[in-house]
Amino acid sequence: MRALSIILLIVALATGTALRFNNLDALEMSPDEGASWAAASAPTAAEVIARQPSLNPGELPIHDLMLHGWIALFGSSIAAMRALSAAFGVLSISLVYIVVIELLAPGSEKESALSIDDIGIVAGFAALIFAVNLVTIKYSHEARMYPLMLAAILAQVAMFLRALRIGGLANYAAVVVLTALAIASNFAALLIPATETVWLIYIIARSGWRPDNTKARRAWIIAIALAAAGLILLPKFFSSLHAASSGSLGGWRRPPALYEPFALFNKATGSFAFPILALLAIWGAIRGWQRGARDSIAFALLWMWAPPLMMVAASYAIAPVFVERYALSCFVPFFILTAFGIFAMPTDLVRVGALALAVAFSLGHIASYDRKPHDAQYREAIAAADSALKPGETMTVVPSYAIEVLRYYLPAGQLDRAVRYDPSASSAAVLILGDQNLAPGEAQSYKKEYPRVVARLRGVTVLRK
């Protein structure tokens, strides 16, 4: 049976690699990717660090420095830059496998609800479901920090569970380092140690707050480790929090509806695949609870639901921050519960059928998604704008943070033809107006300023004064 889990992992890695590295240059550069390119393409690492705060607030320059080195090796083509994200996406498949092993493994005080071989099979199922789900693939096709954040979170969760299970100085140190790395990659990762803190409080309270209880003592040490990681990043976190949460660089966002934490999983996994995955996950939670894996199931459910609910609360208390990519890791426990549901089927034949359905409908969601375009035609818009310019005139773009896309696609000798939009004194003759991240009615104000339509393209309109 142990061989079966290895086979499942190999299949997951092979399939996941093919899906993540396929057609990396199919979509045009997005404004967010433009910001990553602008920081990472700096001539020196010091300049990357200097550029990063204004281009990518809400993180430290971990990803931008990695992308800087990657560009030095492989170039700055769209496919080359996205390959770094694809590589982290493949790494995450293995990390999902490890997380399941740690989640279900026996601790020093108890026997596991499953045998070692059975745990390996559940881990293999989870890795395969993760590998073929669109929500885990599409961000691997973007030259952004989110695949790095997800990989760091998964490694952190694995070490968190291991430290809670067996302790050990090396494991506690790993929690500190990986927590800091995850949060530094994107401040949205703070949702995970916040969730883990809730779990630690439960563990300590369950022990009666007694310091002589082994698991409670480990929980206290891990809580200190999480706090230490937070203190390392505290100065930078507060200096960047306002820019990251206000959406000033990321465009306008609406507050989420209260049902959106539930809709999040349906939208991400597909309307046809979601009912199958959800039913299997519910069955997995029920059977896992009945078989004695109660802590494992409870932690998975907390990990699945706490971050989305925190994002809703923060959206109403501070600023709208309910964004799918901020909650990427929350899909992992959903897939783990789904994998447990498949494992809990009564016979091997039914297991194979359930796994085949989950994989087939997930692949169907990918095929359906790929039939429609999901990018804006900035490259064509820049060409149209350039042809509409007279000598000495310039073009601009709204939202203004998309200026780096213009600079990426323009020839090196014509970068002065693109200027950042200035609402107080816009001197540009041509405006490239993006359709997304605009407040209601905002587009009309730009169209009054630029009344002549040069070109209507997918996701963008080219306008002239």
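Below are my notes on a helix pair and then on a sheet with its helices.

First thing to note: I am working from a predicted model.

**Helix pair.** I looked up α13 (residues 273-290) against α14 (residues 294-317) and got an angle of about 150° with the axes 7 Å apart. Anything over 145 degrees counts as roughly antiparallel, so I put α13 and α14 down as roughly antiparallel to each other.

Which residues of α13 meet α14? On the α13 side I found Gly 284, Ala 285, Gly 288 and Trp 289, and they meet Arg 294, Ile 297 and Ala 298 in α14. I sorted the residues of this contact into four nonpolar, two polar and one charged.

**Sheet.** Next I traced an open sheet of four strands, in the order β1-β2-β4-β3, with mixed pairing. Which strands stand at the edges? They are β1 (395-398) and β3 (452-457); each has a single partner strand, so one side of each is left without a neighbour in the sheet. I noted an average twist of 20° from one strand to the next.

I then checked β3 with β4 (residues 460-464): the two pair in the antiparallel sense over five bridges. I picked out Arg 456, whose bridge partner in β4 is Thr 461.

**Helices on the sheet.** I found α17 (residues 378-388) lying across β1, β2 (430-434), β3 and β4, and running at about 165° to β2. I also have α19 (residues 442-449) packing on the sheet, where this helix touches β1, β2 and β4. For the direction of α19 against that of β2 I wrote down about 165°.

Notes. Residues are numbered from 1 along each chain as its sequence is written. This is a predicted model: local features need pLDDT of at least 70, side-chain atom pairs count only at pLDDT 80 or more; totals for chains, interfaces and linings use all residues. Side-chain values use heavy atoms; hydrogens and water are left out. Axes are lines fitted to C-alpha atoms, for helices over the stretch in contact, and angles run from 0 to 180 degrees between N-to-C directions. Angles under 35 degrees count as roughly parallel, over 145 as roughly antiparallel, 65 to 115 as roughly perpendicular and the rest as oblique. Contact means heavy atoms within 4.5 Å. Ala, Val, Leu, Ile, Met, Phe, Trp, Tyr, Cys and Pro count as nonpolar, Asp, Glu, Lys and Arg as charged, and the others, Gly among them, as polar. Two strands pair if DSSP finds at least two bridges between them.
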